Amino acid sequence: MKKVLSLVLALIMVLSMASFAAADQGASVVVGLAGDPGNIGPFQGMGLGRIGILFTTYEMLMVKDGSEFRGCLMKELTQVDDLTYDVELYDYIVDAAGNKLTASDIKFCFETAKADGNLPKLSSVESVEVMSDYVARFHFTALAAGDLESLLMECPIVTQAAYEASADKMATDPVTTSPYQVVDYKTGSTIVYKRNENYWQKDELLPTTSKHNVDEITFKIIPDPVQMVNALKAKEIDISAAIDGSYISDFMGVEGFDVTQIPDNTTKYLIFNYDSIPSAAERQAIAYAVDVEDIIAFAFDGIGYHAKTVGNNKYPDFVEAWNDEEYYEYDDEKAQALFAEAGVTAGKTYRLIYNVADDNTRIATTIQAALGDYGINVTLIPYDNALFGTYKYDDKKSGEWDIMLDEGGSSNLLTNVWKLTLDARDQTYDKTVGHVADEKLQSLIEAAINDNSAENMDAFHQYLKEQCYEYGLVSKVNNLAHTTVVTKAATCFRGQILPGACEY
Amino acid sequence: MSTAVKDTHAGVRSRRQGQFGQVMHRLRKNKVAMVGLVVLLLLILMAILSPYITPYDYAKTSKANRYALPSWEHLFGCDAMGRDILSRIMYGARASLWLGLMSTLVATVVGVLLGSLVGYYGGKVDNIVMRILDIIQAIPGMLLSIAISAALGSGIGNTILALSIGGIPMTVRLLRGSILTVRKQEYIEAAEKINCSKWRVITSHILPNSIAPVIVSVTMGIGNTILQAASLSYIGLGVQPPTPEWGAMLSEGKSMITKYPHLCIFPGLAIMLVVLCLNMLGDGLRDAMDPKLKN
Amino acid sequence: MAMLSVKNLTVEYTSEGEVIHAVNNVSFDLEKGQTIGLVGETGAGKTSIARAILRILPEPPARVPNGEIFFEGKDLLKIREEDMQKIRGKEISMIFQDPMTALNPIMRVGEQIAEVIHLHEHCTKAESVEEAKKMLEMVGIPGERYYEYPHQFSGGMKQRVVIAMALACSPTLLLADEPTTALDVTIQAQVLDMINELKQKLNTSMIMITHDLGIVAEVCDTVAVVYAGEIMEYGTKEQIFHNPQYPYTIGLFGSLPDLKSDVDRLSPIEGLPPNPADLPKGCAFHPRCPYASEECEKEHIELKDIGGGHLCRCCRLREIAALKAQEV
Amino acid sequence: MIRYIGKRLLWMIPVMLGIAILIFSIMYICPGDPASSLLGPSASAVELAAKREEMGLNDPYIVRLGRYLYQTFIKFDLGTSYKFGTSVFAGLMERMQYTLVIALLCMALQVFVGTPLGIMAATHHNGVWDRVSMFLALVGVSIPAFWLALMLVLIFAVNLGWLPTSGVSNGLASFILPCIANSFAGIASQARHTRSSMLEVIRSDYIVTAKAKGLSRRTVLFKHALPNALIPIITIVGNGMGMMLGGTVIIENVFAIPGVGRYMTDAINSRDYPVVMGGVLILGLIFSLIMLLVDIVYAFVDPRIKAQYEGRKGKK
């Protein structure tokens, strides 16, 4: 019995090793993904896993290449009037099925996406008009600063013919204009892409997102962080952006591996609930009392930097001067004085709500310990993602928290980060997420959104900082750990790995 | 009661204690079970006294001590926040033991009551109760817990409810299965015919003959319950940080497991110790209750 | 030599650290075709004697520290387990006390009989089935009930099955452990008649374990009175019934309802059997013995022949005789 | 017996209806917003509210329940996953293949390793074997599955490189570590239950009877004791199988196996209502069928129970 069993085991092992060896080592790369993309169809919402495969799967009219915007499918952009623009396409675009991409496909994509309602930003696209084979005219309802670019980057483009030929609205088998095409998708496990040999664009015109330096790309979904580390160590994956900070030293300066650190576009910040903490001094005191360097050490293994505003400094509308300003650096004396001014005494309790994740738990615990030094209690209320979302935006739940630990980022502008929680117009009730109904704040943010000039930005930033309605904590840094198969790691403007643009 | 007229090898009928007394007496003589009980009581004592006896403040963070390995200063080392793991385990015993033991107890009591009911009455009662259990068992535990948290709010009682619901169907099924095999035996019928109350028939004739699998399964399940408690803190139940709890310590240390294994090993060992003690006690209890071993 | 000869058999149980002396230095012989009755109260160690002979004591906790059991010249306590297996069920078989639990609940009754036939008679499966059906018929159960399960049988029927099983291979020695205790009175007589009849037919020797003197009178040739694991009195049925000497035996007869006399009530033996973990010093019966004196507590009393092979373990026989004479 | 089975199958209709209504109500009570996981973190509150309205999540309870029951029980359509955009039934079946492989392999390991261990422990009661195997069993149930899993990966995949660390793309090799890690507790509990049950049975009178027949130790053990001892184990195995088909979330997560457990947990976490409700219904059906199978097997091995089932029929 035992012998048979060991024989079977040995056999299985030999077979499995053979299958390893059989795998083509040629120009292919395996990327470890922590999130599950789920539906990879073009008009889906930006769920957490989707972003990792978005630019490998699709091309858009425009992309952001480094810090500049440029056309991808779009050759020319011409302004007609304030709210009308003409988009001219390259006239030689074909998708992998050989369908030519024309202006009517653009109209189709934007209309379908708008109707599906998963890309809510598109609501400011009033209509798309087909002017000629390769010119589409966009009519917008309103355009704030940066909106034009983000709208043209928002919607993935496919041909109507290919979309209608798909049985499941491309949920598993998108046919696109991208240089990589899905050849196999095991939901929840792997997505395999092969290079499209007949890719339409000439090499010299390629934006980073459309580069195709490798023949085959496999995205492997590995939800467990330790297993991500193990998979990289066993070289089953070549690169991952989801290596836990404490393991980075296992790959940094280690033979066969390398680490590239790229600032992430997300920032952790605190939202104070105005209903329970109406005093600016009290909010400032809390900001002074928390040592962000401690948070960086405890929650991010020392990798990250203290934010200078609510949002990080990667955005084009970030004002450089803020980098040299003071921004509530830890100051025990000021904290004590301000607490005294606000009449906060030992024994006071705050309820801190956060979305549960290892780093958030540690940030919250650090804040708890920091305020504990002043005799102030902090009750931690962790919620999972779905519950946190409900608590964050529900007016009725706002009585259940005093401080919220939140995270935000945007694809292009700092104002878009601010907008999410600080623009009362974006809430279902006429206050910010922190329940602030401050006319000055509102007018300043509206000004900044409409025109993100340095003055407007600075005016809002200074007022927000002074009032301390929200307080930026840490801007994160992405650790891209990879094997030396990848000689240069490349990411998109959203901090995601672009396997086609990496160098090998 | 035909079994009572058995010619046994060594009748010790001089002891005229109640059934409970006899069980306790036999339990006391079982060394292994007593060791289990004593260690368990010591753990409970440690939990009660923990605010006074932990070497450090369980919530005190320290940048210098992050991931500190076990040493004389910190016997079990320190966690990712530089907190002393020994102190956290000692204090964590409170929540973990209370949640683990209480929810196991509740699940067992309810499960045994229901199980005896359906096993004994059979027929319609059996069919209806078992189908209801089918329905409940189909609902994922996490969803039930979220619903409980949403409908009844947080709090230790609701946590125990959420944790125990999952254990009930298994207990009922096990008990029902083994009652079905003893249900039709003559001594049960005899007991019924001499007008023993139904309660008495169940407690002193049916249960002692069919409880063994339940005891085994309950004592083995406690570790799992403690681990589950950790997953409830995300939905508003369970214990909120920084109050330590073994399951949560384990899952906090999980992502560091290959790098700093001591973060996981010590809380894991603590859970194992409880499971071990309960198993030793459970085995003893089962032997003590087994009527075939009487006399 | 006798067919069965038990010499100084001792059985102990270890329970919760205590040593329980269940059988102490029991010796007796049994000739072919004869029946010996082991009589005594529940817990006196009778069953342990029978199980020791068949070597089916639960070990542990039971232990046989010394003694010899010669069966057809072999010491059963010394032979190998494999050899013992050939004897069990074939040459020595046993009827158990409780028919309710003695049968495997998930096996057809017929199969349980056929199993033993197939094992020992080296016949085919089909033959053993036929044979088992015959055995069922012999004990008064229709052969077609072969395929039924124990729960479909009444207590008396189950006991018949147990008996059929025991007799299936025509054993030379039958150990009957209170075969009728668990049965209704009317069925008791039937079963007893059946055992007797079958025994005659097969010329089987038997050890009848019982606390019922009526059964002893009906089936036994010799009688051993067992108390606290010891044989207290031994003799032919006539010797014991007509001339009981040992106070406990006398007590047993005293507790027998005598239909001829006008006694309104029985005179039971006062007190309870001793704790076998802590036997009284001297004569084990002395705490309950109406005739006991200091002498009885002093030392262990030997079994003495009081004439005609009638053995008795009492040091106050003369005094008892005198008292009896006075009563009359 | 057939009537009993038929009746039980009929009973499944109200059970399914009960599950559907209960799960629907629970999802209705449960806070959490499917729109937020669909639109991602950069959607604003107003956008989320609009999406909810579009999804029909703001309709009254009774309307939504009616719509759901009509869809499910009249049109036999479990709907389409919010997250995957594919049919819930197809998604579930695709993932079931992995879960089924794991469940069957684990059950086989549990039964064929756990049972002999338990028998060995019982027949050597209080001996060295008993102590050793029971200690192992104890360790088995108290080691957290993820810990064992990660340790196995570290040894066999990272250090020795014999097996893949995770995923399902290496055929059977992908399932070796998950199955070992997953069945450890099952083996342990099977061993303990078998031991306990065997000990109970070995003390029975009919085992003495069997011994007295002259049967060898082996025959007594395997023909008389084991079948009786296995009766209560049927429940354990059935229950375990049912639970495992519901997915083994921890193992699936650690080994990145796209099984039913991960599908369901992800769905619960992102409030993917169609998947949760459809999945619960299908898994409930599977579970009920397995429980029915358990009861049938019970009747098959234990004539006393069969008699009770048939007796019940007789009374009607």
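Student: How many helices and strands does chain B have?
Tutor: Chain B has 12 helices and 0 strands. Keep in mind that this is a predicted model.

Student: And how do the elements of chain B run from the N terminus on?
Tutor: They go α-α-α-α-α-α-α-α-α-α-α-α.

Student: What does the C-alpha trace of chain B span?
Tutor: Along its principal axes the trace covers about 75 × 45 × 30 Å.

Student: How many residues are in chain B, and what percentage are buried?
Tutor: Chain B has 295 residues, and 55% of them are buried. As for its contacts between residues at least 6 apart in sequence, 71% join residues at least 24 apart.

Student: Switching to chain C. What's helix H7 like there?
Tutor: H7(C) covers residues 185-202, which is 18 residues. From first C-alpha to last it reaches 26 Å, close to the 26 Å expected at 1.5 Å a residue.

Student: Which residues of H7(C) are buried?
Tutor: Val191(C), Leu192(C) and Ile195(C) are buried there. Seen down the helix axis, the buried residues of H7(C) fall within an arc of 100°, so they line one face of the helix.

Student: Why would residues a few places apart point the same way?
Tutor: An α-helix has 3.6 residues a turn, so residues three or four places apart point the same way.

Student: OK, what do the buried residues of H7(C) pack against?
Tutor: Their partners are helix H6 (155-167), strand E7 (173-177) and helix H8 (213-219), which belong to chain C.

Student: And on the other side of H7(C), which residues are exposed?
Tutor: There you'll find Thr186(C), Asp193(C), Glu197(C), Gln200(C) and Lys201(C) exposed.

Student: What comes just after H7(C)?
Tutor: Asn203(C) does, and it takes a positive phi of about 50°.

Student: New topic: chain D. How many of its residues are in contact with chain C?
Tutor: On the chain D side 20 residues take part, in contact with 24 residues of chain C. Helices H9 (205-212), H10 (217-245) and H14 (303-315) of chain D each give two or more residues to that side.

Student: Which of them gives the largest share?
Tutor: H9(D) does, with 7 residues. By class, the chain D side that touches chain C has 9 nonpolar, 6 polar and 5 charged residues.

Student: How many residues does the contact between chain D and chain A take?
Tutor: It takes 55 residues from chain D and 51 residues from chain A. Several helices of chain D give two or more residues to that side, including H3 (45-54), H5 (88-123) and H8 (173-202).

Student: Where does the largest share come from this time?
Tutor: From H3(D), which gives 8 residues to the side that touches chain A. That side of chain D divides into 26 nonpolar, 19 polar and 10 charged residues.

Student: What domains does chain D have?
Tutor: The domain assignment gives domain 1 (2-74) and domain 2 (92-310). The C-alpha centres of these two domains of chain D lie 32 Å apart.

Student: How many residues of domain 1 of chain D are in contact with domain 2?
Tutor: From domain 1 there are 17 residues, in contact with 14 residues of domain 2. H1(D) gives the largest share of the domain 1 side, 11 residues.

Student: And what classes make up that domain 1 side?
Tutor: It has 12 nonpolar, 3 polar and 2 charged residues.

Technical notes: Residues are numbered from 1 along each chain as its sequence is written. Chains are lettered from A and ligands numbered from 1 in the order in which they are written. This is a predicted model: local features need pLDDT of at least 70, side-chain atom pairs count only at pLDDT 80 or more; totals for chains, interfaces and linings use all residues. Two residues are in contact if their C-beta atoms, placed from the backbone, lie within 7 Å. Helices (H or I, at least four residues) and strands (E, at least two) are DSSP runs, numbered from the N terminus. Ala, Val, Leu, Ile, Met, Phe, Trp, Tyr, Cys and Pro count as nonpolar, Asp, Glu, Lys and Arg as charged, and the others, Gly among them, as polar. A residue is buried if 20 or more other C-beta atoms lie within 10 Å of its own, exposed if 12 or fewer, and partly exposed in between; C-beta atoms are placed from the backbone. The expected span of a helix is 1.5 Å times one less than its number of residues. The arc is that of the directions from the helix axis to the C-beta atoms. Domain bounds come from an automatic or database domain assignment.
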